[in-house]
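Please look through the sequence and the structure shown below before reading on. The paragraphs after them lead you from a single chain to the pair of chains.

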There are 2 protein chains.
Amino acid sequence: MREERKSMLIVISGPSGVGKGTIYNKLLDNDPSLTFSVSVTTRGPRPGETDGIDYFFISDEEYQKLVAEDAFVEHATVHGHSYGTLKSQVEEKMEKGLNVVLDIDPQGARSVMASCPDCVSIFLLPPSYESLRQRLYGRNTDDPKEIERRLGNARGEIEQAHLYQYVVVNDNLELAYDQVSAIITAEKQRTNRFFPVVE
Amino acid sequence: MREERKSMLIVISGPSGVGKGTIYNKLLDNDPSLTFSVSVTTRGPRPGETDGIDYFFISDEEYQKLVAEDAFVEHATVHGHSYGTLKSQVEEKMEKGLNVVLDIDPQGARSVMASCPDCVSIFLLPPSYESLRQRLYGRNTDDPKEIERRLGNARGEIEQAHLYQYVVVNDNLELAYDQVSAIITAEKQRTNRFFPVVE
């Protein structure tokens, strides 16, 4: 049997604190067909970060040039630093036959969904707003003002979950991971991506 | 968290001998959200078959009346006996919140896909024509002439695999089952069927 496959772009999004990063890392660890896209950023490298691996560290001027060239599938400026996902990065990896997964905030996810309509889009939901609050405070990485801002954003983001193709509730991490993993397994079998030839 | 789900109709098809029945039975054994539809037939009950459980056994006149009433999602006459899947059966089970799985030949599958465009459609492929031949002869339930007729049909059926949403190669039964099962898990998480409300 001969077969051909078309690579896919997978967008995993959800409100801050829902556990996107954990599921994303677990997917990359377990499925060798998946890879990530190295983003660009205008912030400086933190200790231990390597250019081209953690990020492509670029200047504000280079960033503005890329924006002008429409080089991003999504980009955003947060607290004075800019970040973006390069079309060239995503395309290069997909041309190698890899499926690219993006762990991305809802604003960026909507940009990607608009520019890549055949991407696979998954939105993660918390079981409750209270659980999201507890996770954000438990993470202990942000001050209370920032946490409250994120919780405020979460309401609007969650109301737009229906814009994604799939929704998964992250109440139990194992179960949520299994559901996301099943979505990726299923999407690989779609007749618009998988072309087996019986001989 | 409150949630609502919309039931789905799942069509599993493929050429004769591909292993549809085995995967179908395993799905019904393992996923309590799934159920089957009892078909009607004009043939008489075989020893051990019970009316309303294995089939609804009906007369030719009753069958013709149902055809005239457009009561079937699919129906066919094979070797002088008629078979059909009743719309009322499928709808009744879906209204109870169950997902209905049909194990059905490609001709019937195309009828179902035409009348229920939001069904989930999965086509099973053999790894090769030779493997299909071996399975049909190994099953030992049909005479060689009938087997060759089925193998002849298989070519045309396999060429239409792209009409289904998903295609799964049944080379290794466990792997094929896991892929079909992942498709069903994924489809349950689709935002047009699953409506969770975060509170």
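Predicted model: local features only at pLDDT ≥ 70, side-chain atom pairs only at ≥ 80, totals over all residues.

Residues are numbered from 1 along each chain as its sequence is written, chains are lettered from A and ligands numbered from 1 in the order in which they are written, and side-chain values use heavy atoms, with hydrogens and water left out.

We begin with chain A, which has seven helices and eleven strands; here helices (H or I, at least four residues) and strands (E, at least two) are DSSP runs, numbered from the N terminus. Its C-alpha trace spans about 65 × 40 × 30 Å along the principal axes. The radius of gyration, taken over C-alpha atoms, can be set against a globule rule of 2.2 Å times the number of residues to the power 0.38. Because a compact globule of 199 residues would have a value near 16 Å, the 18 Å of chain A agrees with that expectation.

Of the 199 residues in chain A, 49% are buried, where buried means under 20% relative accessible area, exposed over 50%, and partly exposed in between, with a 1.4 Å probe and protein chains only. Chain A exposes about 9900 Å², and carbon and sulfur atoms supply 48% of that area; accessible areas come from the Shrake-Rupley method with a 1.4 Å probe, and for residues only the protein chains shown count as cover. Among the contacts (heavy atoms within 4.5 Å) in chain A with a separation of 6 or more, 69% join residues 24 or more positions apart.

In which order do the five strands of the open sheet in chain A lie? The order is 3-8-2-9-10, and the pairing is parallel; two strands pair if DSSP finds at least two bridges between them. The edges are strand 3 (34–36) and strand 10 (166–169) of chain A, each of which pairs on one side only. From one strand to the next, the twist averages 30°, with axes being lines fitted to C-alpha atoms, for helices over the stretch in contact, and angles running from 0 to 180 degrees between N-to-C directions. Strand 3 of chain A is joined in the parallel sense to strand 8 (residues 99–103) of chain A by three bridges, and within strand 8 of chain A the bridge partner of Thr35(A) is Val100(A).

Helices pack on this sheet as well. Helix 1 (residues 20–30) of chain A touches strand 2 (9–13), strand 3, strand 8 and strand 9 (120–125) of chain A, and its direction makes about 160° with that of strand 8 of chain A. Helix 4 (residues 106–115) of chain A lies across strand 2, strand 8 and strand 9 of chain A, running at about 155° to strand 2 of chain A.

Finally, consider the two copies together. A rotation of 180° with 0.0 Å of shift along its axis superposes chain A on chain B, with an RMSD of 0.0 Å, so the two copies are related as by a two-fold rotation axis. Copies are superposed by least squares on the C-alpha atoms of residues with pLDDT of at least 70 in both. Of the residues of chain A, Ala182(A) comes closest to the rotation axis, with its C-alpha at 2.3 Å. Because 100% of the interface residues of chain A are also interface residues in chain B, the copies meet through the same surface.
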